[in-house]
Amino acid sequence: MSAASRELFAAEARAERPDLATLCLLLAAEADPELDERAMDWAQMELDRLAGMLPYGLRGARAWAAAVTDLLGGRLGFHGTPKDYDRLESSLLHEVLRRRRGLPILLSVVWLEVARRAGAPVYGLGLPGHFTVGFGDPEEGVVVDPFAGGASLGTGPAELARGPRTAARTLDIVLRVLGNIRVWASARPEHSAVALWSLDLSLLLPSHPAALRYERAKLLVERGSFREGAAEMDAYAVVMDAVDPPSAIRIRAEAASARALLN
């Protein structure tokens with residue numbers, strides 16, 4: 001991704017109503033140099049095309065859930081498999097649209113964007129270790145699992161009693177996508193550059209865990225950028241002085257160790 005593209009990503013993230021598809025495509029451009037403006041336009045038009053395949057006049061959460069699932073999970077075969085967790089493409093929106101395979105959260109992005117374009121009352125739902133899509137009022141509990149082709153996760157008060165269902169915000173979804181990419185890369189040291197750009201983009205979001213700055217500093221040191229990594233550790237230690245002094249001391253020691261590697 002060029003500096004200009006990162007500026008677009010940051011600007012979209014700070015918009016009054018950030019566009020989920022746009023942010024997912026801009027982050028995918030980091031992984032795929034061929035994902036230019038024309039290819040992004042194709043992905044947006046494909047989402048529009050899929051939305052246009054839904055029937056008109058739908059009413060009620062269950063009717064919407066059934067129609068979107070019938071189209072995406074049934075007729076078009078969007079779903080996930082365990083092998084999809086081994087592929088970076090499973091976290092890239094344009095590839096998920098092309099392959100009709102992906103991680104739960106990216107398949108949910110497809111469900112969300114297609115349904116939203118068609119006028120459905122839809123929201124993302126981040127469950128522990130999984131991501132799903134809900135329709136209608138969250139209190140209705142009409143929830144489907146795009147990874148399983150849109151299989152219903154149950155409805156009604158009995159299901160709702162298992163825990164609160166709060167609609168995921170757009171930027172929270174994007175942060176979670178980037179987190180998944182970072183997890184993928186962390187298991188593959190040869191792809192540390194992927195982990196680095198996922199952190200860079202996460203830090204461009206207006207709200208993010210402060211610990212990501214420390215994670216980035218450690219990654220820089222691991223990649224041999226000792227001076228830069230040490231400087232970022234020192235900066236993070238200043239933040240930690242106010243909330244966790246012992247950790248601040250430890251982080252400064254790590255920074256000193258990183259600088260020693262320059263000798």
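**View 1. Glu 34 is an exposed residue in this predicted model.** Its relative accessibility is 67%, so Glu 34 counts as exposed. Glu 34 sits in the loop that runs between helix H2 (20-31) and helix H3 (37-52). Together with Asp 36, Glu 37 and Asp 41, Glu 34 forms a negative surface patch.

**View 2. Arg 100 adopts a positive phi.** The angle is about 60°, although Arg 100 is not a glycine. Most residues other than glycine have a negative phi. Arg 100 belongs to the loop between helix H5 (93-99) and helix H6 (104-117). Arg 100 counts as partly exposed because its relative accessibility is 26%.

**View 3. Four strands build an open antiparallel sheet.** The strand order is S1-S2-S3-S4. Strand S1 (122-127) and S4 are the edge strands, and each pairs on one side only. Strand S2 (residues 130-135) and S3 are joined by three antiparallel bridges. Two antiparallel bridges join S3 and strand S4 (residues 151-152).

**View 4. Strand S3 (residues 142-145) has buried residues pointing both ways.** Val 142 and Val 144 point one way. Val 143 and Asp 145 point the other way, and all four of these residues are buried. Val 144 is the bridge partner of Val 133. Val 143 is the bridge partner of Gly 134. Asp 145 stands opposite Ala 151 in S4.

**View 5. Two hairpins each include a glycine with positive phi.** The hairpin of S2 and S3 has six residues between the strands. There, Gly 136 takes a positive phi near 75°. The hairpin of S3 and S4 has five residues between the strands. In that hairpin, Gly 149 has a positive phi near 75°.

**View 6. Glu 140 and Arg 62 meet in a salt bridge.** The N to O distance between their side chains is 3.9 Å. Glu 140 lies in the loop between S2 and S3, and Arg 62 lies in helix H4 (residues 61-75), so the pair ties together parts 78 residues apart in sequence. Glu 140 is partly exposed at 31% relative accessibility. Arg 62 is also partly exposed, with a relative accessible area of 48%.

**View 7. A salt bridge links Glu 228 with Arg 216.** The closest N and O atoms are 3.7 Å apart. Glu 228 is in helix H11 (residues 226-241) and Arg 216 is in helix H10 (residues 211-222), so the pair ties together parts that are 12 residues apart in sequence. Glu 228 is partly exposed, its relative accessible area being 40%. Arg 216 counts as buried, at 12% relative accessibility. Both residues belong to a network of salt bridges that also includes Arg 6, Glu 30, Asp 200 and Glu 232. The whole structure holds 20 salt bridges.

View 8. Glu 254 is partly exposed, with a relative accessible area of 25%. Arg 250 is partly exposed at 41% relative accessibility.

**View 9. Asp 172 and Gly 126 have C-alpha atoms separated by 9.2 Å.** Along the chain, these residues are 46 residues apart. Asp 172 lies in helix H8 (residues 170-186). At 36% relative accessibility, Asp 172 is partly exposed.

Note on methods: Residues are numbered from 1 along each chain as its sequence is written. This is a predicted model: local features need pLDDT of at least 70, side-chain atom pairs count only at pLDDT 80 or more; totals for chains, interfaces and linings use all residues. Side-chain values use heavy atoms; hydrogens and water are left out. Patches are made of residues with over 30% relative accessible area and no salt bridge: like charges are joined within 9 Å, nonpolar side chains (Val, Leu, Ile, Met, Phe, Trp, Tyr) within 5 Å. Accessible areas come from the Shrake-Rupley method with a 1.4 Å probe; for residues, only the protein chains shown count as cover. A salt bridge is a side-chain nitrogen of Lys or Arg within 4 Å of a carboxyl oxygen of Asp or Glu. Lys and Arg count as positive and Asp and Glu as negative; His and the chain ends are not counted. The place of a charge is taken as NZ of Lys, CZ of Arg, CG of Asp or CD of Glu. Buried means under 20% relative accessible area, exposed over 50%, partly exposed in between (1.4 Å probe, protein chains only). Two strands pair if DSSP finds at least two bridges between them.
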